Every structure is written in structure tokens, then in C-alpha cells.
Amino acid sequence: MGGTDECKTMLDALNKVTACYRHLVIALGSTSDSQNLREELKKTRKKAQELAVANRNKLTELLKDKSTSKDDRAEYERLWVLFTSSMEILEVDMKRSLEIGQEFPLKVPTRHLIQTGMTGSTTTVAARAMSVQNMKYDADSNIDTADLKELQAEISQVGQMMEEMEMKVQVAPWAVEAKQEAGAELKSTLSVGNSSVGVISICEEEPKDEIDEGGDNNGMITCIAGFIFVAIVVIAGILGYFVIGG
Amino acid sequence: MTIRNVRDHGQRFRPRMACLKKVEAVMLEMQDPKTGVKSQPQKLVITTIPHAITGEDVVTWLANRYTIEAEEAWALGTMLVAFGYIYPLQDHKRLVIKPDTALYRFQTPYFWPAQQWPVEDTDYAIYLAKRNIRKKGVLEMHEQEQYNGLHKWMNHKWDFIVMQAKEQYRAGKERKKPDRAVFDCQERAYWVVHRPPPGTVSAMDYGLERMVDPNAEEKETSDFFRRIMIFTQQSIMRPRVKSSVSIGALVKYSITCNKHDPFLAPCLPSNPWVTDDVTYWLLNMANVDIPTKMRVERWTFSFGELLSDPRGRDDFRLFLKKEFSGENLAFWEACEDLKWGTAATMNEKAQQVYKTFLARGAPRWINIDGKTMEVTVKGLKHPHRYVLDAAQTHIFMLMKKDSYGRYLKSPVFKDTQKRAIGPDQHRFSVSQLEANARKRRPSISPIIVRQQEKEERARMATSGPVDITQVMSKLSNKGKEVPPPKK
């Protein structure tokens, strides 16, 4: 069973990196595009590939083992479907980032980025993908063109890997039964109930649409409030103890 | 996992979307800070978000840039919105451009409708799951239906979809609040374009997928030039008609059929594709007893129209029955049956036709000239699908020149005309339209319709004599006490 737990953590990591990569690719070509974004994309991609290779090795090892029980095998097949779906999304996003990267080179003054309204940086998203606190940027200034050739090579690598996987591993993906039922995402561990002080209603006919859950700059205020509350309870407890004890 | 046997590599191209590359060029021009569209910040309760553009700015820019009229610029702007390159900030479900101070914003290139990237259902499922999280389980009705449907047929991927939705949601929260709001709007606009709510018209309808990119430059090999040469030679050899004649015919056709075109005139009672109300189809079914006024009017346009409409043909058959000259129409129908029928039954059908209509002393003998009869009988020795074509054309012209005129003046037709109904235009409110969309049901299976037609034909075959020959033979045989010839 240690095998499945290890697999699951690796798959979670791959899943996280895939999601972050998608967010980064969405920012390509818009006004939040920049040198840093291109570097973030490159680093996230490399991390994703490392995770992919690690996952693939682990899973093929588990699936090749003929002596696993039926339940175990079903579980491994489910993990395999998770892995391949992640890889599909990664592959498509990589191809699209190549296309958009080619269309929007950064150094050409006559090509303008699309004014989408997004102006912030994507550092925090990339930091989440790389599991670091802060991102360090150390790339050359022509990363937007130099990176594209590498990207093409990586895309063909990923394509080959997926073909190989399909040939070598005999798993029928449609036979896998999901463990989550419809609406499972609502039972997440996210703090979905806290409405915060700041409400942005960007689109005027759905004013309740953008109620933010646990926004970053309000986290501080809630922390301080919680701390004060706890302190008061502790003091009340101590006084009560003295009253009763004394 | 999708079946990857067809190596896609973005090669499934959608023909009608070849204009997208040109639209992208327009979009890039609009971004120029000096010559592009002027943007303004959008002021919200707490923050301001930059890069909002007004509808009238877009329309004026287009009109100036391409020196076109304001109306055309308006249509072009609506196309940009309908394709999803610009999305409205208010009234996000109506993808039109309003040439006033309504606000719009440019869509990020990832969400542009690109020709070679088909929109995946996996992504839609992830989006719906994210929306479920944000709206705490309260989705719109069509979204809920789609969600349930996707959960059923994508069940094997559902774990992945839930995991990815949660991760994307968490990753999205890492960005600053104004950017988060913009991203939510962008994603929602993308899915309004590609999974439109029911009752809206989508600009994303395209035909069959192709394996060739219509935007790719073709290499100029000798084969390419050879094809051009063949094409031009064939164009020279084509028979030509004076343009005054052909244009005159087009104009006459347009004038006659103007009110009958559902694009140009309102369809009575209402267009089912727009209002989801099928009264129009029910009133115009093939075996309906009382046709609509418009349908009857179409029968007067030409004989071909009358024959191609099954209800019209029924009416004509009734008229011919009263005149005891039904054999012409029966022969015509038999020829059609032979042309369109299965190859296995062809020989049998051809023999049947000969025995019934063409042979000397046949029960339903048709009157065609000697030369055509000779050609047809000779052809029937080796029957094929089009062996009766000459005879059919002759009979068609006969009916057209003779019976058609009399039919239009006959009491049968006038009675049908009088009884025809002219339904009123439906006026649905928005809530009624939604109710209609919910009540959509599939129509009767075509298998049942075909069975009904067969029964109908069998019934007609056993009804009384319809031809003059049959009546005469009946009358003449009455005295001789011989049973009338069996049909």
C-alpha cells in the first residue's frame, strides 16, 4: 500500500503543477505578460516534466506487476487515468503556449500585448507550482525567443512519451469507476463559507458573484481578531480558575 | 483518456472558421496605444480595473479604419463579440455590440477561438466544477443539466476533474483580487461563447471537420497548375446564358419566394429553432389534413413545387381521381420509386411498371408518343435506374401543361385554399421561452413515419378506380358479366 500513497502524493504534485501551468499560459500575450512570466513558464514546465517522468516510472512499475490483487489493480488503473488526463492537459497547454509565445514576442516594439485588464504579476502562482516561497529570476533577456525552440523539443518529447505509454500499458480507461460522486468538489477543505470585507462586483448584474473567500489582505485582520479573542478567553479562564480555586 | 489513434496534431480544421486568422490581425491592430481603440478604467466599488472599452469606441474605430458605414461597423463589431474576441461586461449572455457607453474588454489570447484547437468537454467539466465551488452548488439550469450529463459519460475521468478543479481554484486565488475578478469574467465569457445557453444563437457552428488547413499556403507544383488549367478549360466550355436572362430569373424567383423565406420574413406562427415551439412543424407535416395558407400559395408557384410537397401531391391526386386520369401521376410516382429505390428491387419494379402502364392493353395505360415508347420499351430489356427517365419527363410536361392549369381552377383546389389556415404570430415572453426550451422533446421516430406511409399507400391502392381505362373497362364488362380485371 505504500506504493499507492507515494503515487498519490506524486500525482497531487503533478496536478498542482498542471493547474498552475494553465494559469500561467492564460496570462501569456496579455498585459500581465513579461520576461518573468516566460521564465516562470519554463521553470514550471521543467518541473512538470520531471514529475511526469517520475509518475510514469512508478505507475508502470506498479501496473507491470502481475501479482497484484483485483482491488489494487483497479486502484492503480484509476491512478493511471488521473495521470494520463493530467498529461493530456499539460500537452495541450504546452502546444498553446508555443503558439501564443510565437505570436507575441516581447521585444518587438510594434507588436502590442492584448489589453485584457490583468496587470498583476503571476509570481505567486509560479511559486505555488514550484513549491517555493519566492521565485528567483535569472534568465537572459531573449528568453521569449530562445525558449521556444526548447519548448518545441519538449512538446515532441511529451508526445512520444504518451504514445509509448499508450502502447505499453494496457489499461482500459473507460472501465475505471470514479470514487467521487457529482458535487464532490463542494465537500472540499476550502474555507468556502467566509465572506470577507472586500466584495468586488465586476459584472453588474450578479453582484453576489464575486464574494471572495478568505482574501489575502483580509487574512491578517482575521488572524489578529482571532488572536485577541483567544487571549480574552484565556484570561477569562485564568480569572475563573482563581475565583473558583480561591 | 481520449483515443489517440488518429494523430491529431491540431490537424482537424473547421472550414467556416478560416476567418479567425484575419480577426486576430484586427485585434492586434486595435491594441496600438496610438492608433488603436481608446481604453478607459472601469471603476468598481473598491478598485479600478483598466482596459475597458466602450461599444461606440469600437464601432467608430472599425468604421474609420476600414472606411465603412456605421451599420457595417456595427455588424463587424457584433461578429467580434460573437466569436469571443471581445466580451461584454454587462449583460454577458447577449453577445452583441451596443454602440453606446456599454463596456467591453479584450479576451486573453488563450481564450481566443483558434481554428485548430477544438473545445474540450474535459475543460468544460472542470469549469463547471469550479463554478460549483464558487457558487456553492447553485448552478444555472442549463449548466446543471450539462454537469449531470458530463458526470454520467465522463465518469471515468471524474476524479481527475474534481482534483483539477480544486487545484485550479486554489491556484487562481494566488493572484491579486482585481486580476482574479478579470480572470473569472474571461473564463465565463469563453464558455458563454463555446457552450451557449439554450435559446441563443452561436457563432461557433461549423460544418464537417477537414484534414486540410484552409489557411495553409499551397505549394505550386506542376499538379497545382494542371488543376488550374483543367478548371479554366472547363469554364470556357460551359454553356452560357445572357446575364439579363439569368438575373431576370433570379429576380423573379426572389420576388415570388420573398415572403416564404424564414430568414427574410417571419415564419408563422414562430420559428421552432428560435422559440423551441414546434407548432410550425406540426402544421406542416406531410399527412396533415388542413394545410397552411403559405404552403398552398407555394403550390401555385410551379408544378414542381406542387409535386414535391406530399400534401400537395395528395391534393393533386384527389383532383385527378375526380377526373379519372390518375394514371399519369401514378406512373410518375412509380418512376420516382424506381429511381430512388434499392438496387435489388429494380428489375421487379421495372417489370411491374411495364405491365401496369406501358404494355398494350395495360390496365393503366399512359399516353406517350411513339418514339418515347419505343425507346423506353427497348431500354426495359436491360433495366437500370434511369430507364424510364424519358417517359417520366414526357408525362411530367403533359401533367404540367394540361392537368396543372385545370387543377388550379378546380373546385378541389379552391376548397383547399378556402380551408387553409393562417396561424397568428406567437409572442413569447422570456420566461415562456425558457419553459419551451425545457419542454423540448424528440419527434416521432422516422421508422414509425415510414410504416405509416406504407399503410397509407396500401390503403390507397385498394380504393376505387381512378383511371378512365379502369372505369371504361368496368362499364363495358358490366354487360358481359365478366369480373372486372383485377388491378
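**Exercise 1.** At what angle do helix 14 (residues 310-323) of chain B and helix 19 (residues 411-419) of chain B pack, and how far apart are their axes?

*Solution.* Keep in mind that this is a predicted model.
- Step 1: Two packed helices are described by an angle and a distance, both taken between their axes.
- Step 2: For helix 14 and helix 19 of chain B, the angle is about 145° and the axes are 9 Å apart.
- Step 3: Now find the residues in contact. Helix 14 of chain B brings Arg311(B), Asp315(B), Leu318(B), Phe319(B) and Lys322(B), while helix 19 of chain B brings Val412(B), Phe413(B), Thr416(B) and Arg419(B).
- Step 4: Sort the residues of this contact by type, and you get four nonpolar, one polar and four charged.

**Exercise 2.** Work out the order of the strands in the open sheet of four strands in chain B.

*Solution.* 
- Step 1: Strands of a sheet pair through backbone hydrogen bonds, in a parallel or antiparallel way.
- Step 2: Strand 1 of chain B pairs with strand 2 (residues 48-54) of chain B over three bridges, in the antiparallel sense. Here Gln40(B) is opposite Ala52(B).
- Step 3: Strand 2 of chain B also pairs with strand 4 of chain B, antiparallel and over two bridges. In this pair Thr54(B) faces Leu103(B).
- Step 4: Strand 3 and strand 4 of chain B are joined by three bridges, again antiparallel. One partner pair is Pro88(B) and Tyr104(B).
- Step 5: Strand 1 (40-43) and strand 3 (86-88) of chain B are the edge strands, each pairing on one side only.

**Exercise 3.** Are the residues on the two faces of strand 4 of chain B buried or exposed?

*Solution.* 
- Step 1: In a regular strand, side chains alternate between the two faces of the sheet.
- Step 2: In strand 4 of chain B, Leu103(B) and Arg105(B) lie on one side, and Tyr104(B) and Phe106(B) on the other.
- Step 3: These residues are all buried, and both faces are covered.
- Step 4: Look for helices that touch this strand. Helix 2 (residues 55-65) of chain B packs on the sheet and touches strand 1, strand 2, strand 3 and strand 4 (103-106) of chain B. Helix 7 (residues 177-194) of chain B lies across strand 2, strand 3 and strand 4 of chain B.

Technical notes. Residues numbered from 1 in each chain as written. Chains lettered and ligands numbered in written order. Predicted model: local features only at pLDDT ≥ 70, side-chain atom pairs only at ≥ 80, totals over all residues. Heavy atoms only, no water. Pairing = 2+ DSSP bridges. Contact = heavy atoms within 4.5 Å. Axes fitted to C-alpha atoms, helices over the stretch in contact; angles between N-to-C directions. Nonpolar A, V, L, I, M, F, W, Y, C, P; charged D, E, K, R; others polar. Buried < 20%, exposed > 50% of the residue type's maximum accessible area, 1.4 Å probe, protein only.
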